[in-house]
Amino acid sequence: MTDSLAPSSSPSPAAARNVPQERRIVTAIPGPRSEELHARRLAVVPVGVSSVLPVYIERAHGAILVDVDGNQFVDFGAGIGVTTIGHTDENVVAAATAQLQDVVHTLFTITPYEEYVRVAELLAEHTPGTWAKKSVLVNSGAEAVENGVKIARKHTGRRAIAVLDHAYHGRTNLTMAMNYKAAPYATGFGPLAGDVYRAPSSYPYRDGLSGADAAARTIAYLEKVVGAADLACLVVEPIQGEGGFMVPAGGYLPALQAWCTENGVVMIADEIQSGMARTGRYFASEHFGWEPDLVLSAKGIAGGLPLAAVTGRAEIMDSAQPGGLGGTFGGNPVACAASIAVFETIERDGLLAEADRIGARLRSGLERLAARFDIIGDIRGHGAMIAIELVESGTAATSKLPHPDAVPRLTAFAAQHGVLFLSAGTFGNVLRFLPSLAMTDELIDDALVVLDDAFSSLA
Ligand code: PMP
């Protein structure tokens, strides 16, 4: 295996690119070169692949995106939680570059290599639970979900899949059927896969239920509508991502796991958005004392290179027959080398604590805003996975009517001023913050000033 960690004192390609960690707007947004590229794109890229902010990015480092017109954006999206340890992180770039020169592809299922094994060892060590674990590596989050379901069905010999209200699991045929929102993910793309059941979730801000009561409601649904005897797996995001960063009530997840264990159901944590140090723990399940049977990771696992994994109890993972799992690019050596560097950097630089620092700073700034803008109904999340849910003015204490259009106006205002924020939420009324762990306090404070102005501009 290549020694993937270059000493931090060595000259790095990323540092040489000189991306000052500051916001800078020098043209209209989008600028003229972005407009030109956009016109070319419209001719050759289908409209189904849309872009939140059509500024074309030329370089990125740390927490800053630089577009082709020289504008610099403070990035609170990190490619939807992918460049968790920062854009063009030096260690990731060095490890991937070295690996590119050694071996780029063999296909692990033909002739294997050490990097795949090392990633599986690191996942076994860092996912919750102390039992023997194994991992299969794939290319995308949705592919990890598909494989988790395959493995659970093979292990149990059962057919049904359960998910929760407000879930998001991907855009493949199976995962489209597992999402809560049909539009835009599934509209017109059917027929969808069958045997997918959607149970009520825990959404404390809106249901007011304790973890025990919410779990009882979920379990009652599973028992009545599906029946445990036919249920292969229950797939749950410990903090729901696209749905709006719902943090379940205390005790909810362990109660569901206990029911699954008693009933021979495989419980799967979709940690694709919440995992890999984002919430101040390696995996968000840890916040809730949940030790899932299988854990799905992707996004932040390889510093921006495409890699995903299903990790879980060895006896469940081993139920798939030889040749039943895999794929041409799954566990690519370059992506694996990058992933090893991500794990090493999280440890070496104490990045779990950085997620907590970012979460505390952001949350206190958001609380100050909430004291002034009554449309901020809820602030929730852990570490560098925080969101605010917006409601109609005057309804925060009563009906909590989802605010229909504040979020797009806030994100548009912020983008014009050099800050990239993402939306989320079943009702489209959630502003989510998924910064990289390279986000400095100064950049957070700067972005909060822009957000303050954005809220003022709504009036
Ligand atoms: N699960 C969750 C929780 C996600 O957030 C996502 C991506 N947003 C996916 C699955 C699908 O991952 P991918 O886009 O890599 O297929």
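Visitor: So a residue is near a molecule or strand if one of its heavy atoms lies within 4 Å of it. Which residues are around the ligand, then?

Guide: Ser 140, Gly 141, Ala 142, Tyr 168, His 169, Gly 170, Glu 237, Glu 242, Asp 270, Ile 272, Gln 273 and Lys 299. This is a predicted model, where local features need pLDDT of at least 70 and side-chain atom pairs pLDDT 80 or more, while totals for chains, interfaces and linings use all residues. Residues are numbered from 1 along each chain as its sequence is written, and side-chain values use heavy atoms, without hydrogens or water.

Visitor: What's that shell made of, by class?

Guide: Three nonpolar, five polar and four charged residues. Here Ala, Val, Leu, Ile, Met, Phe, Trp, Tyr, Cys and Pro count as nonpolar, Asp, Glu, Lys and Arg as charged, and the others, Gly among them, as polar.

Visitor: Which atom of Tyr 168 lies 3.4 Å from a ligand nitrogen?

Guide: A backbone N or O atom of Tyr 168. That is a polar contact (a pair of N or O atoms within 3.5 Å). Ala 142 also uses a polar backbone atom, 2.8 Å from an oxygen atom of the ligand. Gln 273 uses an N or O atom in its side chain, 2.7 Å from a ligand oxygen.

Visitor: And how much of the ligand does the protein cover?

Guide: 83% of the 390 Å² of accessible area that the ligand has on its own. Those areas come from the Shrake-Rupley method with a 1.4 Å probe.

Visitor: New topic: what order do the strands of the seven-stranded sheet have?

Guide: The order is 4-10-9-8-7-5-6, in an open sheet with mixed pairing. Strands here are DSSP E runs of at least two residues, and helices are H or I runs of at least four, numbered from the N terminus; two strands pair if DSSP finds at least two bridges between them.

Visitor: Which strands stand at the edges?

Guide: Strand 4 (133–138) and strand 6 (196–199) do, each with a single partner strand, so one side of each has no neighbour in the sheet. From one strand to the next, the twist averages 20°. Axes are lines fitted to C-alpha atoms (for helices, over the stretch in contact), with angles from 0 to 180 degrees between N-to-C directions.

Visitor: Which helix packs on that sheet?

Guide: Helix 5 (residues 114–126), touching strand 4, strand 9 (294–297) and strand 10 (308–313). Contact means heavy atoms within 4.5 Å. The direction of helix 5 makes about 130° with that of strand 4.

Visitor: How do strands 5 and 6 pair?

Guide: Strand 5 (residues 160–164) and strand 6 run in the parallel sense over four bridges. Ile 161 has Val 196 in strand 6 as its bridge partner.

Visitor: What about the four-stranded sheet, what's its order?

Guide: That open sheet goes 1-2-3-13, with mixed pairing. Strand 1 (57–61) and strand 13 (419–420) are its edge strands, each pairing on one side only.

Visitor: Last one: where is Pro 184?

Guide: In the loop between helix 7 (173–178) and strand 6. The peptide bond from Ala 183 to Pro 184 is cis, with omega near 0°. Pro 191 is in the loop between helix 7 and strand 6 too, and the bond from Gly 190 to Pro 191 is cis, with omega near 5°. In general, most peptide bonds are trans.

Note on methods
Polar contact = N/O pair within 3.5 Å; in protein donor to acceptor, adjacent residues only side chain to side chain.
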